[in-house]
Amino acid sequence: MNSNLDYFFNPKSVAVIGVSRKPNKVGYVVFRNIIQYGFQGKVFPVNPKADEILGYKCFPDIIHIKEDIDLAVIVIPAKFVPSTIDECGKKGVKGVIVISAGFKETGYEGSQLEKEIVKIANRYNIRILGPNCLGIINTVSGLNASFAAGMPNKGSLALASQSGALLTSILDWALSEEIGFSEFVSLGNKADLNEIDFLRAWKDDPDSKVILLYLEGVRDGQEFINISREVGKVKPLIVIKSGGTSAGARAASSHTGTLAGADVAYGAAFHQAGIIRAQSIEEWFDFAVALASQPLPQGPRIGIITNAGGPGTMATDAIEKAGLRLATLNKNTVDLLIENLPPAANFYNPVDVLGDAQSDTYRISIEALLEDSNVDGVVAILAPQAMTDIVNISKAVGEASRKYNKPILCSFMGGREMKAGIDSLKKYSVPNYSSPERAISAFKVMVKYKQWKEMPYQTIKKIRGDKRKVAEIISRARKESRVNLGEIEAKEIISAYGFTIPQSKLAKAKEEAVEFASSFNFPVVLKIASPDIVHKSDIGGVKVGITNEEELVKEFEDIIYRTKRLMPDALIFGINIQEMATGKEVIIGMKRDPQFGPLLMFGLGGIYVEILKDVSFRIAPIGEQDAKEMIEEIRAYPILSGVRGEKGVDIDSLINVLIALSSLSVDFPEIIELDVNPLMVKEKGMGAVAIDARLTIN
Ligand code: ADP
Ligand code: MG
């Protein structure tokens, strides 16, 4: 471990402040854990009322310890923590773990206390882990500075969790499953050190092959994305995110706001950062053990070997559902299998070696599959039948895994009978899954991760907009105490960032409308212009396809009449006369997420958007590839790319407007929501026109 967190993972000396003599106290357990698991550094207990605990001389306070102290572990009541950290500072301590609870998690006073300890720590350049945490464990140095009920096995998983209780369960379970860890961190309240610090530290830690995070929220969304992206290029990062965000708390005034539910920003951020998301603890470790123990597959083509038909079929179904491929075996592979397997076997993928198959049959078959250039990895299934030699078969599989640089995942299905085989697989570090589906899910994650890892870094694209113009419009609205900007102003803003908007003119009275009409080509559109009317069509405030002057006058009067009747208090600027556009309607929008910043949305437009929810999201700033993916991701994409002889739309112009929206959102943090609905996109090469827009500032 070579980072500024060295003082936490590899301290030369540790003081435990608040060591207790009573074995049922946290202050005792922490101290005992530190001295119990082979930690080579010096350890000093602090307790003013005791002379000696567990054979160690006690000190009345940290100042009285003669030697330098790297790390202090604090286990005393919250109210004494600030003064103790001050002492630590005077003593020159580098890192502090505050195990004590009674801070932010308890309410206002606690959160003040928490701020105070951070302030004191900053003064002395001390880093704090916690408060309200379980502690830290490093299996490599043997340091267990926690009150966990045990020490995890050595292994290559690094894990940090925002829930301490979850950690204790995981630890206990991992001990029985023989899953090993390099480092184990309880983040607690994250007053100072948080997930970002540990990601940074673990990125280059040779002892940690896979990083697991359990998060309830992140401290700095954009920074989290950046560091995760860097980490992902080096090693897999698997995250469980639980709980909603405060994003949904504010009632949304836009379609984007309504559709961008609490979890959407996390989904987008994880995707962009190449983070593997686990939906449960089971998945977390299913993915982790595969990634930690097996080489990454070169592609999605799986070879299956099984001694039972049913599970083989289940695996095949799972492969199809996962979007992976059942490998088509080379002819010489099939020939070799025909030569060596009984005539009733299945020589094609899935290879069914039959119920009475022995270990040499497994050996020959699995090696044949692994030799095959059409096979990227193998899922080996075994059902315990009367004549099945489970242990020797597991050895055949294990040895094959040592010989070939392709991943093997097993599903030795069973319990009591299978245990010996599964244990033997562990010796070869071949992961086993209770069902073929779980093995296939893990395989899929490996395939996806490999693809992501090899994708070149995407360059963020930014366009330069007319910032001054946008700022002017926003400050005008502010002066008038308006936070919602309607069609006219919103369109002025987006046009300052290169959006094409239809020719349009605001007519304050009927006579003006007639006068303007001559400068338009019919057909035209009339729209009520009012800052108080958000959904213009809802009150009959939009009339499309007006073909002559007479109609125009009539509709003008009708719209004014309807508006005055339905919304008597609305301030009416007049009526907008607009050139009529053609094309396919899409929606693009932005909602500012409190954690991650501008969340961009793309989808097919029109009135059904909120029902169909066929939309995609990314966090700005984005690159062209992100924009392209956003467009291709929606289910209705074929409608845009062209179906049944229809010409496709101008995808390039959609990419450009998404980049423009991204740039605008980054340049103007005061815009908190924005909808362009519809954006009318024309045929390839013909561009896109923003028909309607609105936005909200804070
Ligand atoms: P609102 O969303 O406030 O009801 P819009 O300006 O989006 O008002 O207009 C409603 C619908 O009318 C649009 O979704 C679009 O189908 C159609 N429409 C509006 N303006 C035009 C235009 N200039 N050209 C073509 N169609 C238009
Ligand atoms: Mg609209």
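**Around the ligand**

Visitor: Which residues come nearest to ligand 1?
Guide: There are 18 residues around ligand 1, and the nearest are Lys 527, Lys 536, Ser 537, Ala 581 and Glu 585. Keep in mind that this is a predicted model.

Visitor: Which atom of ligand 1 does the Gln 578 side chain sit by?
Guide: A nitrogen atom: a polar side-chain atom of Gln 578 is 2.9 Å from it. Glu 585 also brings a polar side-chain atom, 2.4 Å from an oxygen atom of ligand 1.

Visitor: How much of ligand 1 does the protein bury?
Guide: Ligand 1 exposes 540 Å² when taken alone, and the protein buries 83% of that.

Visitor: Which elements give two or more residues to that shell?
Guide: Strand 22 (524–529), strand 23 (542–546), strand 24 (574–579) and strand 28 (671–681). Strand 28 has the largest share, with three residues.

Visitor: Changing topic: how do helix 22 and helix 24 cross?
Guide: The axes of helix 22 (residues 624–633) and helix 24 (residues 651–667) come within 9 Å, crossing at roughly 120 degrees. The two helices are therefore oblique to each other.

Visitor: Is that crossing left-handed or right-handed?
Guide: Helix 22 and helix 24 make a right-handed crossing.

Key. Residues are numbered from 1 along each chain as its sequence is written. Chains are lettered from A and ligands numbered from 1 in the order in which they are written. This is a predicted model: local features need pLDDT of at least 70, side-chain atom pairs count only at pLDDT 80 or more; totals for chains, interfaces and linings use all residues. Side-chain values use heavy atoms; hydrogens and water are left out. A residue is near a molecule or strand if one of its heavy atoms lies within 4 Å of it. A polar contact is a pair of N or O atoms within 3.5 Å; within protein, one must be able to donate a hydrogen and the other to accept it, and residues adjacent in sequence count only if both atoms are side-chain atoms. Accessible areas come from the Shrake-Rupley method with a 1.4 Å probe; for residues, only the protein chains shown count as cover. Helices (H or I, at least four residues) and strands (E, at least two) are DSSP runs, numbered from the N terminus. Axes are lines fitted to C-alpha atoms, for helices over the stretch in contact, and angles run from 0 to 180 degrees between N-to-C directions. Angles under 35 degrees count as roughly parallel, over 145 as roughly antiparallel, 65 to 115 as roughly perpendicular and the rest as oblique. A crossing is left-handed if the near helix is turned anticlockwise from the far one by less than a right angle, and right-handed if clockwise.
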